Amino acid sequence: MSDLIERIAYCVEFGKINKISPYPPNMKGQDGADELTKQAIDKGIDPDEILNKGMVVGMDKVGQKFSENKVFVPQMLMSAKAMSTAMEHIKPFFQSGAVQRKGKFVVGTVAGDLHDIGKNLVGMMVEGAGWEVIDLGVDVTAEKFVAAVKENPGCAIGLSALLTTTMVNMENIVSEVKNVDKDTKVLIGGAPVSNDFCNKIGADHYSPDPQGAVKFLNSLVA
Ligand code: B1M
């Protein structure tokens, strides 16, 4: 039983999506995260255990390696794809309430900015860490973030920006969101953003990578 969980973690870590997936080459023809997760559920293994001791462990490992520059964006994307494919088998248990999520994370790329690869990675890693992710997409205005905070009381907010011309829009979003609920935690990230900028605009945390985003969010519910 634990062998199956370990294999799921391994598939997520190395981006083995399913049996027909040719990546990684040394696992060609083997079951991937998709098949193994289904087998685990069919065997009656607790979905919470599959998620937290399998998928989350795999994502955690790849996230750590990414932070250390030992793997790069393509590997992260393959891991995220393996995880999201396997998650399809777990989702019905979230919906039934059999598996509890840690909280809600509303994420979006700020107004004027269309870059979404980094934001998507953050969303996938956070989802893999057991959070419900509400992705507002790109070019997201302060009004849309405010509406999401009202619809999802107690959620945390994530803002991404890749342009020096759009990172400035974060300040207004932080201020509008905090006007609705001053306790709403706002996490920011993206290549031009820094810790100093985070302090200047009154956001709660800056993370340079998805792993840091996960650590910050988990610290809120620890
Ligand atoms: Co754009 N672009 N782009 N672009 N683009 C950059 C960002 C740029 C640095 C290229 C350059 O000039 N060298 C430059 C910005 C310069 C600046 O402002 N300082 C630039 C420009 C100028 C532009 C346009 C203005 C070009 C034009 O039209 N004249 C235009 C703007 C469009 C708009 O947004 N309004 C534009 C358009 C585009 C494409 C649409 C073609 C495409 C985006 C496709 C897409 O995202 N779907 C694109 C791309 C791909 C890039 C580069 C090449 C790659 C960005 C990327 O995805 N990186 C980029 C140059 C570069 O970075 N080499 C560039 C990979 C991604 C995983 O990293 O997004 O940094 P990143 O995310 C990281 C971290 O930052 C962090 O985690 C991720 C993983 O580590 N992170 C967070 C990100 N968000 C986070 C949120 C968090 C926490 C961490 O918490 C919430």
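## Strand pairing

Two strands count as paired when DSSP finds at least two bridges between them. In this predicted model, strand 4 (residues 186–189) and strand 5 run parallel and are joined by 2 bridges. Look along that pair and you'll find Ile-188 standing opposite Tyr-206 of strand 5.

Zooming out, the sheet is an open one built from 5 strands, with parallel pairing and the order 2-1-3-4-5. Its edges are strand 2 (132–140) and strand 5 (205–206), each of which pairs on one side only.

Helix 5 (117–128) lies across strand 1, strand 2 and strand 3 (156–160), and runs at about 170° to strand 2.

The loop between strand 1 (104–110) and helix 5 is where His-115 is found.

## Helix 6 against helix 8

Now for a helix pair. Helix 6 (residues 142–151) packs with helix 8 (residues 169–180) at an angle of about 30°, and their axes are 9 Å apart. Angles under 35 degrees count as roughly parallel, so helix 6 is roughly parallel to helix 8. The two cross in a right-handed sense.

On the helix 6 side, the contact involves Ala-142, Phe-145, Val-146, Val-149 and Lys-150; these meet Asn-172, Ile-173, Glu-176, Val-177 and Val-180 of helix 8. By type, the residues of this contact split into 7 nonpolar, 1 polar and 2 charged.

Key: Residues are numbered from 1 along each chain as its sequence is written. This is a predicted model: local features need pLDDT of at least 70, side-chain atom pairs count only at pLDDT 80 or more; totals for chains, interfaces and linings use all residues. Side-chain values use heavy atoms; hydrogens and water are left out. Axes are lines fitted to C-alpha atoms, for helices over the stretch in contact, and angles run from 0 to 180 degrees between N-to-C directions. Helices (H or I, at least four residues) and strands (E, at least two) are DSSP runs, numbered from the N terminus. Angles under 35 degrees count as roughly parallel, over 145 as roughly antiparallel, 65 to 115 as roughly perpendicular and the rest as oblique. A crossing is left-handed if the near helix is turned anticlockwise from the far one by less than a right angle, and right-handed if clockwise. Contact means heavy atoms within 4.5 Å. Ala, Val, Leu, Ile, Met, Phe, Trp, Tyr, Cys and Pro count as nonpolar, Asp, Glu, Lys and Arg as charged, and the others, Gly among them, as polar.
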